[in-house]
Amino acid sequence: MSVSNGRGRNMRRFVLSGSVLAGAAAAGIALAAAAQTKVESKPVKIGLVTFLSGAAAGPFGVPARNSAELLADAINAGKLPAPYAKPGLGGAPISLVLIDEAGNTTKQVSEYRDLVQRQNVDLVIGYVSSGDCLGIAPVAEELKKLTILFDCGTPRIFEDATYKYVFRTSAHAAMDNVGAALYVLDNKPDLKKVAGINQNYAWGQDSWNDFEASIKTLKPQVQVATSQMPTLGAGQYGAEISALLSASPDVVHSSLWGGDLEALVLQASPRGLFKKSTVVLTAGETAMFKLANQIPDGTIIGARGPHGVFAPDNELNRWFRRAFEERYAVPASYPTYHMAQAILGLKAAYEKAQAASGKAPTPEQVIAALEGLSFETPSGTVKMALGKGHQAVQGTAYGTFKLQNGKATLTNIRRYAPETVNPPEGVKTADWIKASLKRPGS
Amino acid sequence: MGEVLAVVIDGIVYSSWLFIIAVGLTLIYGVMKILNMAHGSLYALGAYAAASLGGRWLAGGHAPFGIYAILIAAALAVGVIAGPLIEKGLLQFMYGREEIVLVLATYALFLILEDAIKLVWGVDPYFVTEPYSLLGSVEIGGLSYPVYNGVLLLFSIFVGVLLAWALGWTRQGKMLLAVIHDREISAALGLNVRRVYLVTFTLGTTLAAIGGALTSPTIAVAPGIGVQVIVLAFAVVVIGGLGSFAGAALGSLIVGMVRSGAVHYLPEVELFSIYLAMAVVLIVRPKGLFGGPEPRRI
């Protein structure tokens, strides 16, 4: 009980409490630091849904998956040119969960629920089939999960409903068929008869209806000779080709894709259909290289937008085409560009939201950033200008096929500005085509 | 008049294609009472084998006209290998069970084969168009038709006549007909029913593969080509009567003509026309056109 004891006890207490405090502070800093690095490097889990089997795998699903994997690897390594040079999504690496889109819409809805609720993905990118898109969009709203539709064509998604969580980063199919009509009339101003051969489901029917309506609005005297609607996957078009040959149209419109398109070319070409009429293949770009020796010169080819051979000569496109061809040994076709737009749009939105908030953005912040966003892609600038900022708008291009030195090329390329081939906000495609469609410059 | 001619020609060409595909299915059902859902996959296998072998043949610089023999050889190889493999490896364990079990088994087989094809050949399309283009075209009634379709027509008539002769005039064929008529009595009379099953299934598989091989020059051989074919083959076989060989011929002709007429005159209903024909036939004759009366077994 000397003075030293008392002071000693206080001293010990002081030292004890001081070290506890210091220890707590140190632990706290360490935890905060760990939490900080954890937030920074926590990967963004993306559910990727596209056709990995079945007829749509070859032309669409597998190229799209390849594009996604190429971009995910390049983004994680920080190898993209500006403005996407920052590694990851604002530093967070991308990790992909692949799901096969094959099977009907009911199956896809349960796969989607599994992705969101059991696999806990941060967002979903996917869907080539218009039927799947129409089925998934309401489920995405219900589960409140950011979902980016990257390829499906139906205009109906944002014309028939409003969504907060659903986006589509590529322009819809109205553009393909309005663009086809404009190109056809630019090249054949005294067009008299048209005909069509399209697959008998939503895609084929919508494509033909939009093309027919566009032609009728722009040149009402044009006659429709016949509209053939074979089953999806039919593969044997002998009778349809005979009917088209008998009808002798000036132009034949076709939105056929994949094996059906290739079968049509193989069966129609030797019978002279492509010589007798000018055939427009709105999705022809995917088959252009494989069938280079069978597609006759003069066939009009589309790529559902300024993609593939229509893409502008910017640094992103140069990098993309070179990297894709190096890794997969085939040229990058339009589904790869659609996927690139989805991923790059996501990255642009993510980093915009991150810049605004100063840390890893919440899904709500990413959504707010993506709405109405304008971002750069290998196909040029994409603007989320329709569907209240959720539907992308682009221009389109069409060209005429010509085999030069054994290589498939397109000549007489015409580009159409976005406003001339897309309806304005709030107007349905069908109404717009009937009422306000005009040739640019008239 | 020109239009009618085109309808008839297109109808006959399509019917001949359908016949080659459907006759194998009806044969298998008639003898084994198995609705072979994997028929379309075997068609696809035949097409892929023909495309691969044909491609190799041409790349090896051999005589282009030999390719027709290669197509048939590829189909025979597929039939002779896959048929016994499936019959001995899967189906023989299911005889005597309810028909629905066998249907499920063949459906599972179809799914497996579709994926197996994708594993072996990938998702990109294969082309072997030389047989189609080598023979050129001929003009009939103002429209040009490929000579290859005529070859297909002749081949299907040949197959039809051959099968009719084999079934009606050879001992093996008569044994097959006996088993079609009544399996139990045939076994009681000493026929080796199991062997008849093996032969029939192999024959049916080979016919499906031949259908695929002969179609391959006219299409892109890609995943999914077998799916639509199953639907068409079923429609033909149901119209003609399950198990009836003459029914397959008549059914093909009806479906081919109806579809051709629809395409030329009313294309909007083409999708539905085949099923309309099927419905009309089934209303009038519920067992199909040549489906014989079935005695009630006690």
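**Figure 1. The largest nonpolar core of the predicted model.** In this predicted model, the largest nonpolar core comprises 232 residues. The residues with the most contacts inside this core are B:Ala22, B:Ala213 and B:Val236. Helix H1 of chain B, which covers residues 2-32, gives the most to the core, contributing 18 residues. Chain A takes part as well: at least three residues come from each of its domain 1 (44-172 + 312-393) and its domain 2 (174-303 + 395-436). In soluble globular proteins, nonpolar side chains tend to be buried together.

**Figure 2. The surroundings of B:Ala22.** Neighbours within four places in sequence are left aside in this view. The residues then in contact with B:Ala22 are B:Ala233, B:Val236, B:Val237, B:Ala248, B:Gly251 and B:Ser252. Among them, B:Val236 is itself one of the residues with the most contacts inside the largest nonpolar core.

**Figure 3. The crossing of helices H11 and H12 in chain B.** Helix H11 (residues 245-265) and helix H12 (residues 270-284) of chain B have axes that come within 9 Å and cross at roughly 145°. The crossing of H11(B) with H12(B) is right-handed. On H11(B), the contact is formed by B:Ile254, B:Val255, B:Val258, B:Arg259, B:Ala262 and B:Val263. On H12(B), the contact is formed by B:Glu270, B:Ser273, B:Ile274 and B:Ala277. Sorted by class, seven residues of this contact are nonpolar, one is polar and two are charged.

**Figure 4. The fold of chain A.** Chain A contains 16 helices and 15 strands. Its C-alpha trace spans about 120 × 45 × 40 Å along the principal axes. Of the 442 residues of chain A, 54% count as buried. Among contacts in chain A between residues at least 6 apart in sequence, 69% link residues at least 24 apart.

How values were computed:
Residues numbered from 1 in each chain as written. Chains lettered and ligands numbered in written order. Predicted model: local features only at pLDDT ≥ 70, side-chain atom pairs only at ≥ 80, totals over all residues. Core = buried A, V, L, I, M, F, W, Y, C linked by C-beta atoms within 7 Å. Buried ≥ 20, exposed ≤ 12 C-beta atoms within 10 Å, placed from the backbone. Helix = DSSP H or I, 4+ residues; strand = E, 2+ residues; numbered from the N terminus. Domains from an automatic or database assignment. Contact = placed C-beta atoms within 7 Å. Axes fitted to C-alpha atoms, helices over the stretch in contact; angles between N-to-C directions. Left-handed = near helix turned anticlockwise from the far one by under 90°. Nonpolar A, V, L, I, M, F, W, Y, C, P; charged D, E, K, R; others polar.
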